Number of protein chains: 2
Amino acid sequence: MIISETKSKLLENVLEKMNLIRDIQYSVAVLGWDQETYMPEASAQSRANQIASLETLAHQEITSQKSADYVKKIEDNICQKTDAEHRLLNLFVNEYNKSIKLPKELVSELAKQKAISVESWKIAKHKKDFKIYEKDLEKLTALKREEAKCLQNSDSKNLYDALIGEFEPNTSVDKLSVVFSNLKKESLDLLSKIDFKSKNSHLKTPKHAFSKNKQIKLSKMIAKKMGFDFTRGRLDLSEHPFTTSFSKFDVRITTRQNKYDFLPCFYSTIHEVGHALYEQGIDDSLSRTFAEEGSSIGIHESQSLIWENVICRSFDFWKWASREVKHVFPENFENWEAVDFYKFSNKIDTGFIRTESDELTYNLHIILRFELENLLINDKIKVKEIPEFWNSKMKEYLGLEVKSDDLGCLQDIHWAFGGYGYFPSYTLGKLYAAMIWNEIKKDFPDYQTKLANGELLFIRRWLKDQIHKCGKLYTPEELIQKIAHRPLSSEDFTTYIKEKINSIY
Amino acid sequence: MIISETKSKLLENVLEKMNLIRDIQYSVAVLGWDQETYMPEASAQSRANQIASLETLAHQEITSQKSADYVKKIEDNICQKTDAEHRLLNLFVNEYNKSIKLPKELVSELAKQKAISVESWKIAKHKKDFKIYEKDLEKLTALKREEAKCLQNSDSKNLYDALIGEFEPNTSVDKLSVVFSNLKKESLDLLSKIDFKSKNSHLKTPKHAFSKNKQIKLSKMIAKKMGFDFTRGRLDLSEHPFTTSFSKFDVRITTRQNKYDFLPCFYSTIHEVGHALYEQGIDDSLSRTFAEEGSSIGIHESQSLIWENVICRSFDFWKWASREVKHVFPENFENWEAVDFYKFSNKIDTGFIRTESDELTYNLHIILRFELENLLINDKIKVKEIPEFWNSKMKEYLGLEVKSDDLGCLQDIHWAFGGYGYFPSYTLGKLYAAMIWNEIKKDFPDYQTKLANGELLFIRRWLKDQIHKCGKLYTPEELIQKIAHRPLSSEDFTTYIKEKINSIY
């Protein structure tokens with residue numbers, strides 16, 4: 001138990017309020033999950049209303065007079081606290097301080113505009129025309145700037161800091177710019193040195209279509225192997241895979257299917273299980289508190305990406321997994337060896353779509369978005385200039401001509417739901433994952449033998465102990481310092497990706 | 001549009017509050033639907049917390065100072081109102097007046113005790129032992145008595161009135177006792193006159209097992225035929241079939257399956273579609289208001305039972321449906337004619353289980369529960385005496401010896417969730433259905449030809465126009481008076497059931 005059962009009166013009161021707010025937030029998550037999986041089409045507007053109402057109520061509760069009283073008492077330091085209790089109470093104070101800065105009207109306007117923008121983004125993407133979505137995104141962007149102004153710290157000079165802070169606390173545009181510019185330089189350098197396209201032409205490709213049922217069967221097998229607890233979760237299908245949690249006792253993942261390739265289903269499942277293990281691994285005593293979630297989105301992504309890329313795209317892993325995959329799809333992989341799966345699953349190639357891109361070019365997709373968001377939020381480019389900016393950067397970084405918006409600036413849903421500042425987390429996740437993996441390797445000198453035998457639970461246990469069980473009690477900075485004994489850098493990742501590229505190309 | 005788009009300021013304010021409360025209630029309904037269909041097992045306690053929190057919030061909103069102010073203004077009659085607006089505002093006043101009588105602590109204690117009782121009922125039923133559940137039901141019953149005392153009208157002499165009023169407004173134990181005692185007399189009389197058991201031995205029974213997929217296919221076919229809109233709803237599986245609505249744009253039904261008999265799936269679907277058509281048929285202008293639901297549970301049941309029993313168990317209906325069913329299950333029904341389906345689906349027989357019972361004995365199951373609840377709520381029998389009372393009445397009414405509690409007083413979930421006063425609605429539904437059917441027959445002299453041709457939408461249109469579109473704007477009393485020009489009685493039902501029995505036995 002991280003939080004003891006004997007609690008001060010103040011902690012009990014704060015917990016009661018946290019529990020209520022978390023229950024509302026979890027209910028919103030159920031409504032969201034249902035929307036993506038089973039909701040009938042005509043219900044979009046009603047569901048948007050329901051979610052907006054609950055979000056308004058949650059805001060009302062955290063900004064109530066009672067919450068203000070608790071915050072004052074916490075700040076007056078009137079009760080004895082353990083370190084964990086202190087951290088938990090601080091999460092409440094932070095949430096209060098943030099929420100009190102946001103006017104109720106802005107919260108409700110944002111919720112409504114998000115729902116509208118998501119709908120018009122869907123249409124625009126379908127019709128491949130940014131113009132359809134432009135006006136709604138302009139409104140939302142204006143509201144997000146307003147939100148950023150409310151949230152901005154007095155010591156920040158960049159409005160975009162406040163939005164990044166929603167996903168990755170205690171970082172800044174300045175800090176990220178340093179890390180990302182090193183990474184950009186190294187990535188562009190690697191990309192220019194090797195002719196991936198011509199080398200890829202020698203790769204094997206699987207035969208025949210892949211049965212949907214078998215893809216799900218394989219997904220469930222690997223999920224169990226990684227330690228996903230199906231009595232406390234589900235696996236469903238949705239257009240875009242995601243993980244959502246309604247408590248550590250109900251963590252749901254979705255995956256997607258491609259008839260002609262089993263990898264999207266396989267790696268989507270592994271990615272989401274990585275997230276789900278984090279949620280399922282949080283200590284019981286943090287249930288229904290503000291600590292019952294990941295430290296940050298960046299750390300959360302590190303937990304999915306360490307599995308998806310570092311572990312389950314390694315040659316050691318494929319020594320075991322190749323047999324399993326061939327057992328499920330015997331007719332698709334005649335004469336395939338572990339090394340063929342290893343190469344096939346690590347193919348590097350430039351492409352338009354972020355979610356389909358490889359470990360090397362992925363970060364360039366993110367850096368483009370980071371640069372764009374920074375200019376947009378600071379009003380240095382306009383919403384209507386997004387397509388032009390996007391397309392010129394795609395040309396510059398990946399040498400690609402974007403022919404239609406669905407392959408360009410309309411591909412992601414994030415901006416439509418107001419998620420400015422989210423994208424950097426994906427790359428942060430990759431950088432954290434590489435750093436964490438180096439620590440795991442130190443603790444398990446025989447890790448290669450274990451992976452080649454299909455042992456995965458030792459990693460899950462390590463991650464639970466080092467990261468998962470504490471939930472949000474530590475900031476990303478503290479966590480990475482505690483684990484790797486140094487701050488975030490792109491070094492481990494570039495070493496890792498260079499080694500992988502050398503072994504394949 | 002029942003409610004015009006031009007609204008007084010007061011109505012606008014009240015609607016805003018109603019919208020918020022309905023959004024919370026609909027969110028609770030989503031949580032409930034998910035719990036019964038897809039939720040992983042370990043999540044029961046978390047889900048109970050979430051539901052209890054949202055219910056507490058809904059109570060907080062209706063009893064807020066703002067609501068009190070609106071109620072005062074409505075009662076001061078300060079705005080011009082149409083009849084529909086007047087009725088809508090009255091629903092708000094009623095809800096306020098009811099909720100303000102319930103202390104917040106009681107609402108939250110009830111929510112918690114319901115969740116606990118449902119869990120212990122499940123175990124008790126599984127282990128066939130009422131004792132396991134007794135203590136929890138005692139606690140819940142005490143809380144329900146407390147609730148009834150809070151809600152009781154000054155002119156009521158019976159505490160049970162208040163609980164029945166939650167499901168069927170403007171009725172009373174006295175009124176129901178008169179109707180039910182006539183019905184009991186007639187039913188027992190019919191039951192004693194005919195030896196159903198020996199006559200049933202001549203009935204045909206279908207061969208082979210029924211494919212699950214085909215049962216669902218048939219369910220979807222009949223649902224569409226009745227007018228269920230799948231773009232505004234879903235059909236799923238659950239242990240106990242139910243209908244739930246998250247707005248008229250998202251109405252979900254579930255059905256169940258029996259491998260050896262297609263009737264449970266077929267009639268469960270038809271029953272739930274009957275409920276769903278009510279919800280889907282409510283006027284758009286009543287969306288997110290307190291009128292966006294049925295007039296009462298009794299009227300709601302009339303809408304499911306008129307389809308399940310009166311229409312879709314009629315000989316005319318089977319003239320068409322027998323061909324459809326034989327087309328889906330050709331191997332199960334060699335040499336079956338419409339009349340065989342008619343007889344098979346209307347078999348009368350005494351049995352232990354309410355939900356499996358026929359149209360005649362069903363009401364005796366209900367009357368037993370009504371009599372028991374009346375004594376229990378008025379503290380004239382104790383919770384621990386329930387099994388004995390139950391078993392002696394089963395012997396008296398149906399001549400059956402109850403050998404274990406799962407076949408007796410543990411069979412229904414209703415008491416476990418505090419639903420005292422719910423059961424009478426089922427029989428009221430049958431009585432209303434018979435009265436409504438007599439009016440439909442008058443309006444469509446060619447109804448028999450229509451049914452024999454598989455035409456069902458004319459009934460749906462009539463029901464929508466007469467009943468569905470108004471939602472909760474009219475009380476059951478007003479509605480049945482408006483439709484049938486006389487008050488509730490058991491006469492139409494007994495005539496109907498006698499005719500049916502005569503045609504078969």
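This is a predicted model: local features need pLDDT of at least 70, side-chain atom pairs count only at pLDDT 80 or more; totals for chains, interfaces and linings use all residues.
Trainee: What does the side chain of Asp189(A) meet in a salt bridge?

Mentor: The side chain of Lys193(A), with 3.5 Å from N to O. Lys193(A) counts as exposed, at 62%.

Trainee: How many salt bridges are there over all chains?

Mentor: There are 86. One of them joins Glu293(A) and Arg22(A), whose closest N and O atoms are 3.8 Å apart. That pair links distant parts of the chain, 271 residues apart: Glu293(A) is in the loop between helices H11 and H12, while Arg22(A) is in helix H1.

Trainee: And is Arg22(A) buried or exposed?

Mentor: Buried, at 7% relative accessibility. Glu293(A), on the other hand, is partly exposed at 29%.

Trainee: Which residues are linked in a network of salt bridges?

Mentor: Asp34(A) and Arg47(A), together with Asp250(B) and Arg252(B).

Trainee: Switching topic: in the largest nonpolar core, which residues touch the most other members?

Mentor: Phe262 and Trp307, in both chain A and chain B, out of 326 residues in that core.

Trainee: What is Trp307(B) in contact with, leaving aside neighbours within four places in sequence?

Mentor: Its contacts include Met226(B), Ile270(B), Leu277(B), Cys312(B) and Leu463(B), and Arg460(B) is among them too.

Key. Residues are numbered from 1 along each chain as its sequence is written. Chains are lettered from A and ligands numbered from 1 in the order in which they are written. Side-chain values use heavy atoms; hydrogens and water are left out. A nonpolar core is a set of buried Ala, Val, Leu, Ile, Met, Phe, Trp, Tyr and Cys residues joined through side-chain atoms within 4.5 Å. Buried means under 20% relative accessible area, exposed over 50%, partly exposed in between (1.4 Å probe, protein chains only). Contact means heavy atoms within 4.5 Å. A salt bridge is a side-chain nitrogen of Lys or Arg within 4 Å of a carboxyl oxygen of Asp or Glu. Helices (H or I, at least four residues) and strands (E, at least two) are DSSP runs, numbered from the N terminus.
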